[in-house]
Amino acid sequence: MKGTGDTDSAGAAGDGPAAAVELPDYAERVLGVAELIPPGRVMTYGDVAEWLKDDEEHPQGPAPGGPRQVGRVMALYGGAVPWWRVVRADGVLLPGSELRALAHYRDEGTPLRGASAALTEGAAGLRAESGKASMRGGGRATGGHVPRIDMRRARWDGGGSPDVP
């Protein structure tokens, strides 16, 4: 994974090509886990940290760090991987990037809770509105609320079938 990473100030919210940077070992490992998460599924920051603590195959042994360190890696370098698949444990979408993340979730069929009528138009409409909405309400669509991820159905434990139940 060397050479991946988003040096843009948007951090994890970046979707464009990433500038080549030399990543710390822990960052490479976090991003590697993010790339394993199947479309339509998610892992929490804590899940990723636990996955890495259990990683005994790595030559340097289990990785130190917890959810905050995983979040920091995703904020600094996550733009080169599917950042929207590493989430908060409560299912709340990444503040400031709600509409962009929601578009990815809708494209991938990620289970969501609390979708309002204003947000059921589909990912294409949300992408078109994201610039306007972010100027009006901090990234939230007007006339409704941003749904949460249905963590019970979307959470992936790293094993078994990656299909959404």
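Q: Which residues of helix α4 (residues 98-108) are buried?
A: This model is predicted: local features need pLDDT of at least 70 and side-chain atom pairs pLDDT 80 or more, while totals for chains, interfaces and linings use all residues. Numbering runs from 1 along each chain as its sequence is written, and side-chain values use heavy atoms, without hydrogens or water. Helices are DSSP runs (H or I, at least four residues; strands are E, at least two), numbered from the N terminus, and buried means under 20% relative accessible area (1.4 Å probe, protein chains only). In α4 the buried residues are Glu-98, Leu-99, Ala-101, Leu-102, Ala-103, His-104 and Tyr-105.

Q: Which residue follows α4?
A: Its phi is positive, near 75 degrees. The residue is Gly-109.

Q: How are α2 and α3 oriented to each other?
A: Helix α2 (residues 45-53) packs on helix α3 (residues 67-77) with axes 8 Å apart, at about 105 degrees. Axes are fitted to C-alpha atoms over the stretch in contact, and angles run from 0 to 180 degrees between N-to-C directions. The range 65 to 115 degrees counts as roughly perpendicular. The two helices, α2 and α3, are therefore roughly perpendicular.

Q: Which residues of α3 make the contact with α2?
A: Contact means heavy atoms within 4.5 Å. From α2 come Tyr-45, Gly-46, Val-48 and Ala-49. From α3 come Pro-67, Val-70, Gly-71 and Met-74.

Key. Buried means under 20% relative accessible area, exposed over 50%, partly exposed in between (1.4 Å probe, protein chains only). Angles under 35 degrees count as roughly parallel, over 145 as roughly antiparallel, 65 to 115 as roughly perpendicular and the rest as oblique.
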